Amino acid sequence: MQAKSGVIVVLSGPSGSGKSSLINKIEDKLDHYYISISTTTRPVRGQEVNGEDYFFVSKEEFLQDIKDNYFLEHAVVHGNYYGTSLRPIQTALKEGRLVLFDIDVQGHAAIRDKFPDIITSIFITTPSLAELKHRLSGRATETKDIMQERLSIAKKELSHIKEYDYVLVNDDFEQTVNALLDIIQAAKLKKSAVEIDDFVSKWLQN
Ligand code: 5GP
């Protein structure tokens, strides 16, 4: 069976679990993919580039986009708005692309709801809370208050771990990269119910 429509792979996990580094690392090993660029009201961090890491907008612009039905899903994370725009996702899926998301647990639930057939989800975590603390304290961009908040949000996020198809404990980075690529490979072979029905009816005719 040839893949006709696209597939979705969602990556979630606490800030500091290594999602962004993993995505950066695997990018050149993927083909025919689209990485969803979210819109956010949070301030630019470090070397981030508008239109590459996020679309950075004001709260007013974000609220207007909600009114205009621009988002497939949106959520408040760490006190800032984050949202995924619908149009580029629809286009990428129609083109048969692998669509990769780095979104929180609320976003995952919304995407699973909308695309139950074609979603594969992965929860990325550190081996322990202590390790997460250690990694976050190494980030020059985090103040103490922000770090405390991120840790308490991480604990809440962990309570959603069972909603995911796979859990990757990001201990050895290279091993996690390989496991992630394996899961993506399997996700691409996953067939939606529509494709299977189509295949069966053609199979019966020939
Ligand atoms: P950060 O500010 O560290 O880049 O991201 C904070 C959290 O927001 C992460 O857990 C990330 O996965 C999540 N996030 C980023 N974009 C979106 C989005 O479009 N929707 C939702 N629901 N969460 C997002």
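**Chat about the ligand site**

User: Which strands supply at least two residues each of the shell around the ligand?
Analyst: Strand E5 (71–77) and strand E6 (80–85) do. Strands here are DSSP runs (E, at least two residues), and helices are runs of H or I with at least four, numbered from the N terminus.

User: What kind of model is this?
Analyst: This is a predicted model, where local features need pLDDT of at least 70, side-chain atom pairs count only at pLDDT 80 or more, and totals for chains, interfaces and linings use all residues. Residues are numbered from 1 along each chain as its sequence is written, and side-chain values use heavy atoms, with hydrogens and water left out.

User: OK, how many residues surround the ligand?
Analyst: There are 18, each with a heavy atom within 4 Å of the ligand. Arg42, Tyr54, Glu73, Tyr82 and Asp102 are the closest.

User: How far is Glu73's side chain from the ligand nitrogen?
Analyst: An N or O atom in the Glu73 side chain is 2.7 Å from a ligand nitrogen. For ligand oxygen atoms, Thr84 has a side-chain N or O atom at 3.0 Å, while Gly83 has a backbone N or O atom at 3.3 Å.

User: Switching to the whole fold, how many helices and strands does the protein have?
Analyst: Eight helices and nine strands.

User: And what does the C-alpha trace span?
Analyst: About 65 × 40 × 30 Å along the principal axes of the protein.

Definitions and conventions: A polar contact is a pair of N or O atoms within 3.5 Å; within protein, one must be able to donate a hydrogen and the other to accept it, and residues adjacent in sequence count only if both atoms are side-chain atoms.
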